[in-house]
Amino acid sequence: MAAERFGGPYSPDPRPEPGAGQADGGDGAPPLPRFRNRRATRVNILARLTFFAPLPLLLAGLGEIGQGDAMGMLGELGGFALLILAAWLLSEGLKAEDAYDARKVARPPAFPRKIVAGVVAGIGVALACSLGAGLPIPAGIVFGAVATAAHLLGFGLDPMRKKGLEGVDEFQSDRVARAIEGAEALVAGLLDASQRIGDRGLEARVERLAAQAREVFRVVEDDPRDLPRARKFLTVYLMGARDATAKFADLYSRNRDTGARTEYEALLGDLETSFSQHRKELLLDDRSDLDVEIEVLRERLNREGLKA
Amino acid sequence: MSGPALKGIAAFVFLAIVFLTGLSAFGAGL
């Protein structure tokens, strides 16, 4: 017996009518789950705490203003600013690292945020120790160095190596990584624009569309040779989808125009079909490559009499 | 000791240095 889905006529995602057209490209396959290829954001609690640990320095700096100690204030508020900057760099670095981990083909970040965060934090501690807490300068430098070392050890270094680029032409895979980065940005823009529509059903459809787009990305990442054929998809279609969504969101949030909504839904349907078609075609090409490979090898075995 | 534990301790040491620096600067200012 199949489990029955919970929900009534007023539930946010009403049960599909039996036999109604589905958003799966019409081939009977179930629609992609919305969270496919998306990861939950990892939260590193210690990294979050780096935003709060420098707070006493802020209070101390404000206290120095009351005391009239200009150098002390400079050390404490300067140290506080540097430590907050370091905390922000660290959180950006962790985000970049997550994105790097989630992808099969990735380039190292252009700016090593976590390493710079460690160094900036060390300078902040040294400044706060020597000017603020009144320690001798060498002691401040030692504390700063230990803080940098602990930061780098505790929060790690940035990913420094190219990933998934072994055995493939480096130039080619670099192009793939760049193209996917651009396309991911377009998908993020698409999702942002869909948030402004203010209609849960449509937002869910756009999210499914984004999941389908990411499926295509994974296919391209797996086989960089697909890039030339997927390039149009990665730029033109996604950009069009994003711009159309932004315009529709503006319009629909103003006047709830049902005509525009119908047209937009038709566009989403077309895009869904085209995205899944695209993915299938790219995979089909891999399949025919494999067939050719097998054919050639078997023929060769035949010719050399290794096979009965 | 395992890697994650070591990393956690190092991160904790970093936070402690920052926090205590702030406290001692606060104390010195009083």
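How many residues apart are F248(A) and Y252(A) in helix α8 of chain A, and by about how many helical turns are they separated? A few friendly notes on this predicted model follow, starting with that pair.

1. F248(A) and Y252(A) sit four residues apart in helix α8 (residues 227-255) of chain A, so about one helical turn separates them. The structure holds three aromatic pairs over all chains. In the pair formed by F248(A) and Y252(A), the ring centres are 5.0 Å apart and the planes meet at 20°, which means that the rings count as stacked.

2. Twelve salt bridges are found over all chains. One of them joins R196(A) to D250(A), with the closest N and O atoms 2.6 Å apart.

3. Now to the interface. Here 18 residues of chain B are in contact with 28 residues of chain A. About 1,800 Å² is buried between the two chains, and carbon and sulfur atoms give 83% of that area. By class, the side of chain B that touches chain A has twelve nonpolar residues, five polar ones and one charged one.

4. On confidence, the model scores ipTM 0.91 and pTM 0.64. Chain B has a mean pLDDT of 87, with 90% of its residues at 70 or more. Chain A averages 81, and 87% of its residues score at least 70.

5. Within chain A, confidence is highest in helix α5 (residues 137-155), at a mean of 93, and lowest in helix α9 (residues 258-303), at 81. One stretch to read with its score in view is residues 19-28 of chain A, where the pLDDT is below 50. Beyond near neighbours in sequence, that stretch has 13 contacts in the model.

Technical notes:
Residues are numbered from 1 along each chain as its sequence is written. Chains are lettered from A and ligands numbered from 1 in the order in which they are written. This is a predicted model: local features need pLDDT of at least 70, side-chain atom pairs count only at pLDDT 80 or more; totals for chains, interfaces and linings use all residues. Side-chain values use heavy atoms; hydrogens and water are left out. Contact means heavy atoms within 4.5 Å. Buried area is the accessible area (1.4 Å probe) that two parts lose on being put together, summed over both. Ala, Val, Leu, Ile, Met, Phe, Trp, Tyr, Cys and Pro count as nonpolar, Asp, Glu, Lys and Arg as charged, and the others, Gly among them, as polar. pLDDT is the predictor's confidence in each residue, from 0 to 100. Helices (H or I, at least four residues) and strands (E, at least two) are DSSP runs, numbered from the N terminus. Rings of Phe, Tyr and Trp (its six-membered ring) pair if their centres lie within 6.5 Å; planes under 30 degrees apart count as stacked, over 60 as edge-to-face and the rest as tilted. A salt bridge is a side-chain nitrogen of Lys or Arg within 4 Å of a carboxyl oxygen of Asp or Glu.
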